[in-house]
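Hi everyone, thanks for coming. I'd like to walk you through one structure today, so let's bring it up on the screen.

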Amino acid sequence: MDQHIFPIMSEEFLGPLLEELLENPLMGVNITDGQGRVLFLNRTHKHITGHSPELYLGRTMEELAKDGLVSESATSLVLKTKQAVSINQVTSHRDHFYQVHAVPLKDQEGGIRYVINYLVNISDIVKLKNKIMAMDSWNKVPANHSDLIQMNLNRTGELIYQSKVMQDVVEAAAKVAEYEVSVLLTGPSGVGKEMIANLIHSHSSRSGAPFVKINCAAIPDHLLESELFGYEPGAFTGGNPRGKKGLIERSNTGTLLLDEIGDLPLGLQSKLLRVLQTHSLRHIGGHKDIQVNFRLISSTNANLRQMIQDKTFREDLYYRINVIEIAIPCLEERRDDIPLLANHFLKQANLKYGTEKSFDPDALHFLSACRYPGNVRELQNVIERAMIMSSGRVIAPEDMQKAFGIPQEETAPRSAYIVPELEEGLSLKELMGRYEKQLLLAYQEKYKSGVKMAEALQTDQSTISRKLSRYHIRSD
């Protein structure tokens, strides 16, 4: 506190003044400890976020961000950077927009003891901006329902695409969102399965309720059960003495995303199946059933049908989670989107680092011809590397080569990128088909079998078989 102000004020008025400042009707206040755990919320916080205090108190802001209650945590940024930050946020209600200014309070050793978050409501400003944008685009009415979906998604920055194959995926997801069915999202790592899950939740009748996400592959088996189902006080040594709600229970009335569900152990598959059948669960160490009502979205990069044959995944659970399956294509199956995605990621990187860089057209051509085993996630990392490593304001093809780790003095290996010879009179789709066939022939020549090709290209064998058949390439 400012020493020039408060020494002249009697303690009689100091307490009421602080209370009035904290409970002011114009600004939300959220105070966390040095680990980001929420200690205090004022009444205005609920008005600005649309969330009740019970959803926040005692939990870390990082947990709340992972659960989808807020789009990003200013507190987490403060704890990482040790500095005050200001960001714009949107809650899970999707119509509560606000600006957050987060300030660290440090002890004498420089450690952060508390973080104070000040929230200012900007919902009316955002809505006015959207109305102006709608008026500006009045003469640019979308040609069809898909264009309307894409316009809305691009406005929030959730999905960037222009290819027909992704248009089909987005239309399917938007349609499925209207119905209370379990959805299975399949596709290789890095293709954006979580983005499609976000789309389904935000376009569903449960969009105002919690969206809880858990990566089944990221949590050790012995901890996964307690994370999913929760536990009673004293259920096991080292647990919270007050017990803990599981993620399934936290998703009640909302949506639960089980990412990489193929990594769920068989024992937990049985317990999950029981929850889906009875709409109830039991805490570890508990004796009473707790009713739950949630929508399940599952995602995997594994071949669950093969896992059923291998007796590592339950067939009855498979049919429970797979009422509707949406297969998300790898980046190499949607090359039309690469320039659009590249410019989007470069714009993000420019904002992040305060730069104003752009692409040489030849650099975009280079990107469009490269392989992406890591899919969209790999493209994003490559763009950020290229932006950092490039010396000028224009990112050249040689900058992209550096970002891919290709020595400039060497010719890039055939497996890194293959540019087909230019032919007049062919559409982009026909040219990309020839490129894909050329790539498959090169890999077949080296690996001989579809199994080894799939392993080298980091995809599943069914994808390779389907493509070999499409291009009439004989396979072993």
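**The sheet, a helix pair and the cysteines**

Let's start with the open sheet: it has 5 strands, in the order S2-S1-S5-S4-S3, and the pairing is antiparallel. At the edges sit strand S2 (38-41) and strand S3 (85-90), each of which pairs on one side only. Ignoring direction, neighbouring strands in this sheet are turned by 25° against each other on average. Please keep in mind that this is a predicted model.

As a quick reminder, strands of a sheet pair through backbone hydrogen bonds. Here, S4 (residues 97-106) and S5 (residues 112-121) run antiparallel and are joined by 9 bridges. If you'd like one to look for, find Leu105, whose bridge partner in S5 is Tyr114.

Now over to the helices. How do the axes of helix H9 and helix H11 cross? H9 (residues 221-229) and H11 (residues 266-278) have axes that come within 11 Å and cross at roughly 10°. Angles under 35 degrees count as roughly parallel, so H9 is roughly parallel to H11. On the H9 side, the contact is made by Leu224, Glu225 and Phe229, and H11 brings in Leu268, Lys271, Leu272 and Val275. Sorted by class, that contact has 5 nonpolar residues, 2 charged ones and no polar ones.

Last, the cysteines. How many disulfides does a search of the whole structure find? The search finds 0. And is Cys216 buried or exposed? Cys216 counts as buried because its relative accessibility is 2%, under the 20% cut-off. Cys370 is buried too, with a relative accessible area of 1%.

Technical notes: Residues are numbered from 1 along each chain as its sequence is written. This is a predicted model: local features need pLDDT of at least 70, side-chain atom pairs count only at pLDDT 80 or more; totals for chains, interfaces and linings use all residues. Side-chain values use heavy atoms; hydrogens and water are left out. Two strands pair if DSSP finds at least two bridges between them. Helices (H or I, at least four residues) and strands (E, at least two) are DSSP runs, numbered from the N terminus. Axes are lines fitted to C-alpha atoms, for helices over the stretch in contact, and angles run from 0 to 180 degrees between N-to-C directions. A disulfide is a pair of cysteine sulfur atoms within 2.5 Å. Buried means under 20% relative accessible area, exposed over 50%, partly exposed in between (1.4 Å probe, protein chains only). Angles under 35 degrees count as roughly parallel, over 145 as roughly antiparallel, 65 to 115 as roughly perpendicular and the rest as oblique. Contact means heavy atoms within 4.5 Å. Ala, Val, Leu, Ile, Met, Phe, Trp, Tyr, Cys and Pro count as nonpolar, Asp, Glu, Lys and Arg as charged, and the others, Gly among them, as polar.
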